[in-house]
Amino acid sequence: MTAPETPLAPELAVSEWFNTPVPLTLAGLRGRPVFLHSFQLLCPGSVAQALPQVQRIERVFAHTDLQVIGIHTVFEHHAAMSPVTLRAFLHEYRLKSPVGVDKAAEGSDIPVTMQRFGLRGTPSSVLIGRDGTILHEAFGVEDDIAVGARIAMALSAPLARSAAAGGDACADGRCAAPMPPVVEP
């Protein structure tokens, strides 16, 4: 009996990008872990807790291949949170990682990416593995140590090879990360 396939994270639906010369896609980032954070510039939890945490994540993991992506997910106060306002906000708060504006859904106040991921509100975060699958989702802000540990595990995991592709080292469809050697003083 084989283990069921873990579905890939849904693709982002973005109407405009900031802090990146080209639009990003999760498919195009396959092979790299992605920390996706959803925020609103008028959300107190996003501004006071989540965005400072994202800046700490960017600093701590700057030397790795982790891709941090912000999604400005507006589901209330639409007129006040325009792309012009977001551009000024990103500048004033010195947010450097790519940020996409979640695409408005026709006939709904809930934007497309928020719907696709089933996010309950802002701030939210999603950690996506090298293979494109969702490793963890959170609504609200988690402790830095927990987030950092999850990101470190995602970074240490090799890109999984499926058994169908002939990867006998991953016969069950999952590849275990090698254990680091124990270094004694």
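**Reading the fold**

Author: Let's begin with a helix: what covers the buried residues of H4 includes E2, helix H1 (44–60), E5 and E6. Helices (H or I, at least four residues) and strands (E, at least two) are DSSP runs, numbered from the N terminus. Buried means under 20% relative accessible area, exposed over 50%, and partly exposed in between, with a 1.4 Å probe and protein chains only. This is a predicted model, where local features need pLDDT of at least 70 and side-chain atom pairs count only at pLDDT 80 or more, while totals for chains, interfaces and linings use all residues. Residues are numbered from 1 along each chain as its sequence is written, and side-chain values use heavy atoms, with hydrogens and water left out.

Reader: Which residues of H4 are buried?

Author: They are Val147, Gly148, Ile151, Ala154 and Leu155. Seen down the axis of H4, these buried residues fall within an arc of 125°, so they line one face of the helix. That arc is taken from the directions from the helix axis to the C-beta atoms. On the face turned away from the buried side, H4 carries the exposed residues Ile145 and Met153.

Reader: How do I read the sheet, and what is the order of its strands?

Author: Strands of a sheet pair through backbone hydrogen bonds, either parallel or antiparallel. Two strands count as paired if DSSP finds at least two bridges between them. Here, 6 strands form an open sheet with mixed pairing, in the order E1-E4-E3-E2-E5-E6. Strand E1 (14–18) and strand E6 (134–139) stand at the edges with a single partner strand each, so one side of each has no neighbour in the sheet. From one strand to the next, the twist averages 20°.

Reader: How many bridges join E1 to E4?

Author: There are 4 bridges between E1 and strand E4 (residues 99–102), and the two run antiparallel. Trp17 stands opposite Gly100 in E4.

Reader: Which helix lies across E2, E5 and E6?

Author: That is helix H4 (residues 144–156), which runs at about 25° to strand E5 (124–128). Such angles run from 0 to 180 degrees between N-to-C directions, using axes fitted to C-alpha atoms, for helices over the stretch in contact. Contact means heavy atoms within 4.5 Å.

Reader: Which residues touch the most other members of the largest nonpolar core?

Author: A nonpolar core is a set of buried Ala, Val, Leu, Ile, Met, Phe, Trp, Tyr and Cys residues joined through side-chain atoms within 4.5 Å. The largest one has 15 residues, of which Leu12, Leu26, Leu36, Ile69, Phe117 and Ile128 touch the most other members. E2, E3, helix H3 (112–117) and E5 are the elements that give two or more residues to this core. Apart from it lies another core of 12 residues, including Leu41, Met81, Phe89 and Val99.

Reader: Is Arg94 buried or exposed?

Author: Arg94 is exposed, with a relative accessible area of 59%, whereas Asn19 counts as partly exposed at 38% relative accessibility.
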